[in-house]
Amino acid sequence: MCLAYLVYIFEPLTILNIQTQERNTNIFKFMDSLKAFRSKLENWKRKVNIQNVAMFDKLSSILVDGGEDQVLSQLEKNEIMQHLTTGK
């Protein structure tokens, strides 16, 4: 269950990587893309902090399938927050 959300982190990161390698890219486009990605990460951190994982479809469905009252454990929450903060 702990890794179900990583696909949602790596997908926008891959898109950001591709955008930086486009032929017509420049520093302004890159900075806009980077700012948007960082904003997305900050938004996700706020949501995870209040136990909202709806943006991570697979993780959300695992929690729902596990029972209506199942929420992230503190360890899982901390691990997700660490990945969103440091990427490690």
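The following dialogue examines how terms are applied to this predicted model.

Trainee: What makes up the secondary structure of the protein chain?

Mentor: The protein chain has four helices and zero strands, and along the sequence the pattern reads α-α-α-α.

Trainee: Why is lysine 45 called buried?

Mentor: Its relative accessibility is 14%, and buried means under 20%; lysine 45 therefore counts as buried.

Trainee: How do you know that lysine 45 forms a salt bridge with glutamate 42?

Mentor: The closest N and O atoms of the two residues are 2.8 Å apart. The cut-off for a side-chain nitrogen of Lys and a carboxyl oxygen of Glu is 4 Å, so the pair qualifies as a salt bridge. By this rule the count comes to one salt bridge. Lysine 45 and glutamate 42 both lie in helix α2, three residues apart, which is about one turn of the helix.

Trainee: Why is glutamate 42 called partly exposed?

Mentor: Glutamate 42 has a relative accessible area of 38%. Buried means under 20% and exposed over 50%; glutamate 42 falls in between, so partly exposed is the term for this residue.

Trainee: Why is the pair of tyrosine 8 and phenylalanine 56 called tilted?

Mentor: By the distance rule, the count of aromatic pairs comes to three. The ring centres of tyrosine 8 and phenylalanine 56 lie 6.2 Å apart, with the planes at 40°. Centres must lie within 6.5 Å, and planes under 30 degrees apart count as stacked, over 60 as edge-to-face.

Trainee: Why is the pair of tryptophan 44 and phenylalanine 56 called edge-to-face?

Mentor: The planes of tryptophan 44 and phenylalanine 56 stand at 70°, and the rings are 5.2 Å centre to centre. The angle is over 60 degrees and the distance is within 6.5 Å, so the pair is edge-to-face. Tryptophan 44 belongs to helix α2, whereas phenylalanine 56 is in the loop between α2 and α3, twelve residues apart. Both residues are buried. Tyr5, Tyr8, Trp44 and Phe56 form one aromatic cluster.

Trainee: Which residues have the most contacts inside the largest nonpolar core?

Mentor: They are Val48, Phe56, Leu59 and Ile80, in a core of 18 residues. Helices α1 (6–20), α2 (27–49), α3 (57–65) and α4 (74–86) each supply at least two residues of this core. Leaving aside neighbours within four places in sequence, valine 48 is in contact with residues including Met55, Phe56, Leu72, Ile80 and Leu84. In soluble globular proteins, nonpolar side chains tend to be buried together.

Note on methods: Residues numbered from 1 in each chain as written. Predicted model: local features only at pLDDT ≥ 70, side-chain atom pairs only at ≥ 80, totals over all residues. Heavy atoms only, no water. Core = buried A, V, L, I, M, F, W, Y, C linked by side-chain atoms within 4.5 Å. Buried < 20%, exposed > 50% of the residue type's maximum accessible area, 1.4 Å probe, protein only. Contact = heavy atoms within 4.5 Å. Phe/Tyr/Trp six-rings, centres within 6.5 Å; stacked < 30°, edge-to-face > 60°.
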